[in-house]
Amino acid sequence: MTQISRFIGEVVPVVQRVTGDGGESAAPDGGGGFADYALVSLHCLRIYLDTSYRMTIDLLKEMPQIIGEIGLEAADLPVPSTLCKAFDRISMSVCRVLLRQSAQLHDLSEHAAIDATFYDRSPASRHYCQRISYRVQKLKVTKLVDTASQAVLDVHCSTNREGSDADLAEQIARRNAGDLRSLAADKGYDKQSLREGLRDLGIRPLIKHRIFAPYDHAHNARIDDNRYNQRSMTETVNSAVKRSLGFAVRARSWFREFREIALMCVVYNIKRFVKQ
């Protein structure tokens, strides 16, 4: 069995659990539409292959075993425009649940690290950029990563760099409070309100204090160095995702880009699970 076969074999059950329509026919039946799990699975394959919509459909026509895992045949595959428009119907909440389900395939340690990185927006023509005021060239993406399994637990996307990273970290930690015992981050997240917020959630903050007074050395000395040094796992994951799935998003609108980033993390989690 090839790696892509094992990948799609893990994707389909996860997507079916989230969409809840696993009992439906994947292809249009009697004038109906494609099942949600089939469309989401096809988008995961598109991201896995790192190709355009048209090239994805062309490649899948030559992979009957792969699309058979979804319940489709070559004649059933949607045209590229149908697959593209279907992406608008995938809500960010579904992408977040998919991300969480894909992370749970791994043995999670309850110890996480957080950091931000940037993704490019795919180059567009100057005329297109002027027509829709397409000015932002990069997306800021903050990922919460399990330090033991290197699975992505949560993700936050933004088109601007405004706001405090520490406030954003607390927001992400609250969404995952029941599953975390500690959270490591670099000095960019040094904010007392974040530490207090994490302690209120029952999460131990592993964030070094900036040195302003002698007692800051004492605060840093009490931090578990082994756990704190695992914060570098976020950089490892960011690098792995970009090298394997691309450093740029293909979507044009910000809300589609956010969903694409989330699905990239889903694909990364399942791809890593299959390799292990």
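The model is predicted, so local features need pLDDT of at least 70 and side-chain atom pairs count only at pLDDT 80 or more, while totals for chains, interfaces and linings use all residues. Residues are numbered from 1 along each chain as its sequence is written, and side-chain values use heavy atoms, with hydrogens and water left out.

I will begin with the overall count. The protein chain has 13 helices and six strands; these are DSSP runs, H or I of at least four residues for helices and E of at least two for strands, numbered from the N terminus. Of its 276 residues, 49% are buried, where buried means under 20% relative accessible area with a 1.4 Å probe, protein chains only.

Now to helix α13, residues 254–275. Two packed helices are described by the angle between their axes and the distance between the axes. Axes here are lines fitted to C-alpha atoms, for helices over the stretch in contact, and angles run from 0 to 180 degrees between N-to-C directions.

Helix α2, residues 36–49, comes within 9 Å of α13, axis to axis, and crosses at roughly 80°. The two are therefore roughly perpendicular, a term for angles of 65 to 115 degrees. On the α2 side, His43, Cys44, Arg46, Ile47 and Tyr48 meet Glu260, Leu263, Met264, Val267 and Lys271 of α13; contact means heavy atoms within 4.5 Å.

Helix α1, residues 3–19, also packs on α13, at about 120° and with the axes 9 Å apart. Gln3, Arg6, Phe7, Glu10 and Val11 of α1 make the contact, together with α13 residues including Val267 and Lys271.

Next, the cores. A nonpolar core is a set of buried Ala, Val, Leu, Ile, Met, Phe, Trp, Tyr and Cys residues joined through side-chain atoms within 4.5 Å. Which residues touch the most other members of the largest one? They are Ile70, Leu72 and Ile261, out of 58 residues. Helix α13 gives the most to this core, with 11 residues. Another core lies apart from it and has 19 residues, Ala169 among them.

Ala169 is also one of the buried residues of helix α8, residues 165–175. What covers those buried residues includes strands β1, β2, β3 and β4, and helix α9.

Methods
Parallel < 35°, antiparallel > 145°, perpendicular 65-115°, else oblique. Buried < 20%, exposed > 50% of the residue type's maximum accessible area, 1.4 Å probe, protein only.
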